[in-house]
Amino acid sequence: MRLHDCLKLVRAEGIDPAYFPKIKDEWQRFLAGEKVNKQMVPSEVIESWERSRSYGIDPYGTDPHPVNLSGKEYKKLQEILNKYGFFFERIVELVEQDGLTLYLNTVDGLNYHLFRSGGMSGHASLGHCNEKTVGTTASCLAKLYNQPILLVHPYRYSQNYTQNHGVSAPIHNEKNEVIGALGLGFEDPRFCLQAYSMISFIAQAFDSLYLPLTNGYEKHMQKIIDCMPHGVAFVDERDTVQLYNNKILELLKIRRKNNIEGELNKQLARLGVGAGFKDKQEAEVTCAEIQVDNEKPYKLILLKDRLEGRKPGIFPSPEGEGKGKGLFTFDQIIGESVLLKEAKKVAANVARTSVPVMIHGESGTGKEMFAQAMHCASPRRNGPFVAINCGALPGELVESELFGYEEGSFTGALKGGRIGKVEAASGGTLFLDEIESVPLKDQIKLLRVLSTGKVQKIGSTKEIQVDVRIVAATKIDLLKHADDGLFREDLFYRISTFIIELPALRQRKEDIGALAEYFIKKLASKYDRGKIKMDPVFVDALQRYYWRGNVRELEHAMERAIIMLEDGETLMLEHLSPGIQQAYRKRTVEKLVAETVQTTSHRQGLLELAERRVIEYVLELVDGNQSLAAQQLGINRRTLYTKLNGKSNSGREVLDA
């Protein structure tokens with residue numbers, strides 16, 4: 001078996017999770033000196049394992065491999081970053097999503113993170129990463145065999161070094177010499193094929209940028225840029241479009257006709273691409289100037305898919321490919337509580353239709369997540385998902401954002417005008433968060449869109465036909481808001497054919513443990529941590545807390561706890577914020593007192609007994625240390641001793657640590 005056979009298998013059947021432990025068993029056999037099954041492990045991997053062992057690599061090692069910042073290898077890395085920086089900056093925009101790591105691995109083995117979900121990119125994560133330091137990796141094999149490589153985690157020689165799967169592809173200079181490899185690391189094995197395709201095309205684009213566009217390579221370049229997920233165009237020194245892909249025509253809504261290039265030139269000029277435009281971002285477009293040696297400069301135009309309001313998110317489920325890439329699905333909404341299951345059931349049923357939906361829930365309960373999941377489960381899944389937070393916009397800008405405007409319709413209007421979110425969402429879903437913030441005058445226009453399926457731009461006399469599904473969200477009683485004259489009642493009934501109630505986190509405490517585990521996995525990757533466990537008292541404190549900020553507050557609490565954990569492996573009560581600790585102790589004392597009242601048949605001495613149980617509980621928490629217990633109880637040690645020995649009838653002795 002060879003690596004390309006593994007890739008064919010993944011393409012044909014996907015990855016069976018049962019495959020991973022089998023490979024781990026083969027890895028164990030190799031370490032024990034036994035024969036490896038060559039039908040299960042690719043020969044290139046076995047050969048790399050053998051080399052790694054000969055280098056003396058620790059198969060269980062996690063030691064860092066620092067870089068000499070004054071050495072030749074580091075200087076070569078700096079030269080690459082300086083020379084090709086414009087390209088690296090642009091490809092980061094293509095892979096910015098949770099759970100992804102984009103890195104450059106030089107021919108000398110220096111690993112430099114161009115992007116890492118949650119931070120730690122650049123020099124903060126610089127290290128040696130080659131076969132002689134960490135053993136088998138995707139980038140090592142990509143450089144060795146000069147081809148793109150898919151390497152799932154069990155194929156690594158040092159399997160404790162990272163839990164990520166990886167894909168990597170070599171990149172070359174103008175002399176066709178390998179100068180390193182670009183790679184993607186990710187946790188979800190279902191992303192293997194997408195990642196492999198993405199890194200292959202990125203590496204081809206890198207290599208092709210050093211071929212003059214006038215020497216007959218247009219067809220080669222065209223094939224590459226047509227595969228890019230965002231709009232791409234190359235513009236010459238006269239700001240005339242030379243090459244472009246279909247995606248940029250789609251995003252700019254340019255119909256195919258005789259003079260496509262002319263229309264594209266006009267549209268890019270409207271977005272600010274013109275003379276002197278360089279390293280500037282305006283509207284949804286970014287631009288970088290490319291110049292090789294003394295050749296005439298070109299501009300690389302990148303129009304991001306965020307024109308349609310898409311947000312980077314966690315990976316789509318296998319069946320979600322093409323159903324709103326980067327959006328949440330119902331399978332990714334964590335929780336098994338009755339209330340959450342009911343909300344998911346209603347949302348899944350109504351998702352199959354195009355009726356307007358109102359999502360009601362407190363801040364942090366996942367209203368946009370539900371809206372995205374409904375879009376991915378709907379017949380509109382291949383259309384755009386456009387989200388707008390109405391509460392984050394000044395009232396005077398809501399109309400132009402929602403409905404767009406014509407050129408010259410007001411002071412400051414862009415040349416050529418601008419389409420609104422309603423029109424941009426045509427064929428898909430428009431999510432209006434905090435809809436109660438839409439001014440009354442704009443509510444009338446929104447009502448007309450729902451009634452007629454038409455939208456009229458500011459400054460225009462024409463109406464444009466749109467096909468959009470509205471999903472609105474609010475955290476207030478919108479009908480009461482209407483009774484107060486702050487919201488149109490007719491609009492309320494239009495957008496609330498279905499109302500989905502999202503439960504607060506305190507209403508589904510049984511889901512807190514699973515959510516905490518999810519955030520540990522996510523944050524451990526972000527902060528480059530190993531396995532992290534939770535102490536039972538820590539979990540109990542999470543489940544007893546009120547969580548006014550719901551899931552969002554829980555995520556922040558888990559992030560704080562992991563940061564406070566420092567070098568430990570187990571999250572304890574003291575790693576939580578003082579507010580959560582205090583609330584936990586208060587609720588614990590209340591519970592102990594309540595239990596004392598319920599289990600005591602006589603009321604004489606009830607106060608003393610309740611006090612005694614609280615003291616014993618605190619002593620148990622601090623392993624019998626009376627000084628620490630007194631400190632937590634807010635009394636001095638002598639008072640504690642008196643309460644334990646002077647007033648107690650049990651005669652229990654507590655060891656003083």
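Is Ile248 buried or exposed? Ile248 is buried, since its relative accessible area is 0%. I start with that residue and then move along the chain. Please keep in mind that this is a predicted model.

First, the overall picture. The protein has 657 residues, and 51% of them count as buried. It contains 23 helices and 22 strands. If we take the contacts with a separation of 6 or more, 62% of them join residues 24 or more positions apart.

Back to Ile248. This residue sits in helix 8, which covers residues 246–251. Leaving out residues up to four places away in sequence, Ile248 touches Gly231, Val232 and Ala233, and also Leu264, Leu268 and Leu303. Leu302 is 54 residues away from Ile248 along the chain, yet their C-alpha atoms are separated by 8.5 Å.

Now Glu261, which is in helix 9, residues 260–270. With a relative accessible area of 34%, Glu261 is partly exposed. Which residues does Glu261 contact, once its neighbours within four places in sequence are set aside? They are Val241 and Tyr244. Leu249 is 12 residues from Glu261 in sequence, and the C-alpha to C-alpha distance between these two is 10.0 Å.

Next, helix pairs. Two packed helices are described by the angle between their axes and the distance between those axes. I have two pairs to show.

The crossing of helix 2 and helix 3 is right-handed. Helix 2 brings Glu26, Trp27 and Phe30 to the meeting point, and helix 3 brings Trp49, Glu50 and Arg53. By type, the residues of this contact between helix 2 and helix 3 are three nonpolar, no polar and three charged.

If you look at the numbering within one helix, there is a general point to remember. An α-helix has 3.6 residues a turn, so residues three or four places apart point the same way.

The second pair is helix 17, residues 512–526, with helix 19, residues 550–565. How closely do the axes of helix 17 and helix 19 come, and at what angle do they cross? They come within 9 Å and cross at roughly 50°. Helix 17 and helix 19 are therefore oblique to each other. The crossing of helix 17 and helix 19 is right-handed. On the helix 17 side, the contact is made by Ile512, Leu515, Ala516, Phe519, Ile520, Lys522, Leu523 and Lys526. On the helix 19 side, it is made by Val551, Leu554, Glu555, Met558, Glu559 and Ile562. The residues of the contact of helix 17 with helix 19 divide into 10 nonpolar, no polar and four charged.

Then there is helix 18, residues 536–544. Which residues of helix 18 are buried? They are Phe538, Val539, Ala541, Leu542 and Arg544. At the start of helix 18, Asp535 has a side-chain oxygen within 3.0 Å of the backbone nitrogen of Val537.

One is Asp528, with a phi of about 55°. Asp528 is in the loop between helix 17 and strand 21, which spans 533–534. Its relative accessibility is 51%, so Asp528 counts as exposed, the cut-off being over 50%.

The other is Asn550, whose positive phi is about 60°. Asn550 lies in helix 19. Asn550 is buried, and its relative accessible area is 0%. What is Asn550 in contact with, leaving aside its neighbours within four places in sequence? The list is Glu362, Ser363, Gly364, Thr365, Ala504, Leu505 and Arg506.

Conventions
Residues are numbered from 1 along each chain as its sequence is written. This is a predicted model: local features need pLDDT of at least 70, side-chain atom pairs count only at pLDDT 80 or more; totals for chains, interfaces and linings use all residues. Side-chain values use heavy atoms; hydrogens and water are left out. Axes are lines fitted to C-alpha atoms, for helices over the stretch in contact, and angles run from 0 to 180 degrees between N-to-C directions. Helices (H or I, at least four residues) and strands (E, at least two) are DSSP runs, numbered from the N terminus. Angles under 35 degrees count as roughly parallel, over 145 as roughly antiparallel, 65 to 115 as roughly perpendicular and the rest as oblique. A crossing is left-handed if the near helix is turned anticlockwise from the far one by less than a right angle, and right-handed if clockwise. Contact means heavy atoms within 4.5 Å. Ala, Val, Leu, Ile, Met, Phe, Trp, Tyr, Cys and Pro count as nonpolar, Asp, Glu, Lys and Arg as charged, and the others, Gly among them, as polar. Buried means under 20% relative accessible area, exposed over 50%, partly exposed in between (1.4 Å probe, protein chains only). A polar contact is a pair of N or O atoms within 3.5 Å; within protein, one must be able to donate a hydrogen and the other to accept it, and residues adjacent in sequence count only if both atoms are side-chain atoms.
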